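Start with the structure itself.

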Amino acid sequence: MGDWDFSLYSDHMVQRFNNEVDRVEAQNKDTYSPQDFSSFDALHYCGYDYLAPFLESLYKGQSIKVLDLGCGIGGGSRLIASNYQSEVTAVDYLEGYCQVHRRINSLCNLENIQVLQGDASTLNLEELGLVGNCDLVFSIQVFLHIPDKTSLFQKCFQALKPGGKLYIEDWAVQSSGPFNQEEEKVAEILGMIDRLSEEEYKKQVEEAGFLVEESRFRTKEWSRYIWSRAESLASREEELVAMHGKDWWEAWSSWSLGYGLSAFHSLEMSLEEIKTEFPTVCQKVGEDTVAGWLQARQKFGGYYLVATKPN
């Protein structure tokens, strides 16, 4: 991984997730399902709105082997492990996230997920028995943190069977020109180490040997998700501080009610519509600030790519 310090995803977030798992476990159910944890285990924008139909269109009724790179606390891994005959190898750089992932898997009695701490770009695929063995490699909003894209995409290619699929959701650069001060700050906080455009992203994937089948932005959808989540957070501040602590709130709200909104403001809504849809956000950040964001260029994009390893 790069020189980024991961402060956005540090111990206060791990504690928050453990608090959430404690809350679910306190229900003392005989059995738990991944759905019991779905309110917090999708760390990325739009949840599994696009991954789920992608999986259903290709793998319904099939037995598949999957590599999840940058698995976080495992929502995507559990989506696959609980709905498909599958073996999932899930990798994350942060051990605290891996521990929460394993804890939830144990509560759900999911034994078909192997959770590993490691760097996606330096995995020993041979040692893991994954060379040419996977039907799907997927990653959701993680590859932006990894500087060595050449090694990363080579690993993805090596892991897949001929005909296997690479599925990526990630940040990419949507508009040309140098980053301004605000955009640089967003990239720095988030850990966007490579600032790839759509064409640069596709080129690096193709240079690894893949055939790119789909490449597109879903920036409007990301923007509306981010603003909706911010509205929910802002309206629950007192409850969330009591549940997870002031340190978590200050760290997460500075992103969710500030930089995240400024990064994704392509709502395709008027200011009046935004004030009606997101009143608490507008009150907290200020109407003038929101109006300024709407006038700014949309530098960052919510990027989707699907590619195939040729037969």
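A patch joins residues with over 30% relative accessible area and no salt bridge, with like charges joined within 9 Å. Asp and Glu count as negative, and the charge of Glu is placed at CD. By these rules E199, E200, E206 and E207 form a negative surface patch. E200 sits in helix α8, residues 198-207 (helices are DSSP runs of H or I, at least four residues). At 40% relative accessibility, E200 is partly exposed. Buried means under 20% relative accessible area, exposed over 50%, and partly exposed in between, with a 1.4 Å probe and protein chains only.

The model is predicted: local features need pLDDT of at least 70, side-chain atom pairs pLDDT 80 or more, while totals for chains, interfaces and linings use all residues. Numbering runs from 1 along each chain, and side-chain values use heavy atoms, without hydrogens and water.

The structure holds 19 salt bridges (a Lys or Arg side-chain nitrogen within 4 Å of an Asp or Glu carboxyl oxygen). Among them are these:

| Salt bridge | N to O distance |
|---|---|
| K60 and E56 | 3.7 Å |
| E95 and R102 | 3.0 Å |
| D194 and K149 | 3.4 Å |

The D194 and K149 pair links distant parts of the chain, 45 residues apart. D194 lies in the loop between α7 and α8, K149 in helix α6. K149 is buried at 2%, whereas K60 is exposed at 61%. Shared partners join R16, E20 and R23 into one network.

How many disulfides does the search find? It finds 0, with a disulfide taken as two cysteine sulfur atoms within 2.5 Å. For C134, the nearest cysteine sulfur is that of C156, 9.8 Å away. C134 is buried, at 0% relative accessible area.

Definitions and conventions. Patch = residues over 30% accessible without salt bridge, like charges linked within 9 Å, V, L, I, M, F, W, Y side chains within 5 Å. Areas by Shrake-Rupley, 256 points an atom, 1.4 Å probe, with all protein chains shown as cover. Helix = DSSP H or I, 4+ residues; strand = E, 2+ residues; numbered from the N terminus.
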